Amino acid sequence: MEIVQFIHSKWAYLVLLVLVLATLNALIKFFGDKEFDAKDFRISLFALITMHIQLLIGIVLFFMKDYFSVIEQVGGMGEVMKNSGLRNLIIEHPLTMIIAVALVTIGYSKHKKKLTSKPKFKLLAIFYTLALVLVLAKIPWGLWFAS
């Protein structure tokens, strides 16, 4: 379990880096009226892939940690919801990250259907920015910068 936790924690740096890059790329090229090319496609695809891998690792970790037993041990979901640390770990972080992955997936899928550059970048910019905001809101920053 420690190996999976380590991978999930370290892979998150790559996910954040690629998501920031893909978001900035879409925003800059949307506002700069640039043409959509193969590099832009690859950047957005890599963001999609890294996020999906992170989601799969997170799901494996969630079940390996057996949070269902933790919920039972603390006295049920009512007690989990009263405890901000547990609520974040068991409910808020996973749910928010699933929504972020869904947003990236939707943005990526919708951009492929557009025929011109401006709408492609617009969709990527909107959906990837929303996903980035959610990811930044729910990264456990205390764990990232703990000594």
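**View 1. Val135 in helix H6.** Val135 is found in helix H6, where helices (H or I, at least four residues) and strands (E, at least two) are DSSP runs, numbered from the N terminus. The model shown here is a predicted one, in which local features need pLDDT of at least 70 and side-chain atom pairs count only at pLDDT 80 or more, while totals for chains, interfaces and linings use all residues. Residues are numbered from 1 along each chain as its sequence is written, and side-chain values use heavy atoms, with hydrogens and water left out. With a relative accessibility of 6%, Val135 counts as buried; buried means under 20% relative accessible area, exposed means over 50%, and partly exposed lies in between (1.4 Å probe, protein chains only). Between Val135 and Lys113 there are 22 residues of separation in sequence and 26 Å in space, taken from C-alpha to C-alpha.

**View 2. The contact of helices H5 and H6.** Two packed helices are described by the angle between their axes and the distance between the axes. For helix H5 (residues 84–113) and helix H6 (residues 117–138), the axes come within 8 Å and cross at roughly 170°. Here the axes are lines fitted to C-alpha atoms, for helices over the stretch in contact, and angles run from 0 to 180 degrees between N-to-C directions. H5 and H6 are therefore roughly antiparallel to each other, a term for angles over 145 degrees, whereas angles under 35 count as roughly parallel, 65 to 115 as roughly perpendicular and the rest as oblique. In the contact of H5 with H6, the residues divide into 15 nonpolar, 5 polar and 5 charged; Ala, Val, Leu, Ile, Met, Phe, Trp, Tyr, Cys and Pro count as nonpolar, Asp, Glu, Lys and Arg as charged, and the others, Gly among them, as polar.

**View 3. The salt bridge of Asp40 and Lys29****.** Side chains of opposite charge can pair when their charged atoms come close. A salt bridge is a side-chain nitrogen of Lys or Arg within 4 Å of a carboxyl oxygen of Asp or Glu, and a search of the whole structure finds 5 of them. In one of these, the side chains of Asp40 and Lys29 meet at 2.8 Å, N to O. Asp40 lies in helix H2 and Lys29 in helix H1, so this pair ties together parts that are 11 residues apart in sequence. Are these two residues, Asp40 and Lys29, buried or exposed? Both Asp40 and Lys29 are buried.

**View 4. Glu79 and Lys82 in helix H4****.** Glu79 forms a salt bridge with Lys82, and the closest N and O atoms of the pair are 3.3 Å apart. Because they are 3 residues apart in helix H4 (residues 77–82), Glu79 and Lys82 are separated by about one helical turn. Glu79 is partly exposed, with a relative accessible area of 36%, and Lys82 is exposed, with a relative accessible area of 65%.

**View 5. A network of salt bridges around Arg87, Glu92 and Lys138****.** The side chains of Glu92 and Arg87 meet in a salt bridge at 2.8 Å, N to O. Arg87, Glu92 and Lys138 are linked in a network of such bridges. Glu92 counts as partly exposed at 23% relative accessibility, and Arg87 counts as partly exposed at 22%.

**View 6. Asp33 and Asp66 in their loops****.** Although it is not a glycine, Asp33 has a positive phi of about 50°. Asp33 is found in the loop between helix H1 (2–31) and helix H2 (38–64), and at 54% relative accessibility it counts as exposed. Asp66, in the loop between H2 and helix H3 (67–74), has a phi near 50°, which is a positive value in a residue other than glycine. At 32% relative accessibility, Asp66 counts as partly exposed.

**View 7. A nonpolar patch on the surface****.** Leu56, Ile59, Phe63 and Phe68 form this patch, with about 420 Å² of accessible area together. Patches are made of residues with over 30% relative accessible area and no salt bridge, like charges being joined within 9 Å and nonpolar side chains (Val, Leu, Ile, Met, Phe, Trp, Tyr) within 5 Å. Accessible areas come from the Shrake-Rupley method with a 1.4 Å probe, and for residues only the protein chains shown count as cover. H2 supplies the largest share of the nonpolar patch, 3 residues. Ile59 has its place in helix H2, and at 36% relative accessibility Ile59 counts as partly exposed.
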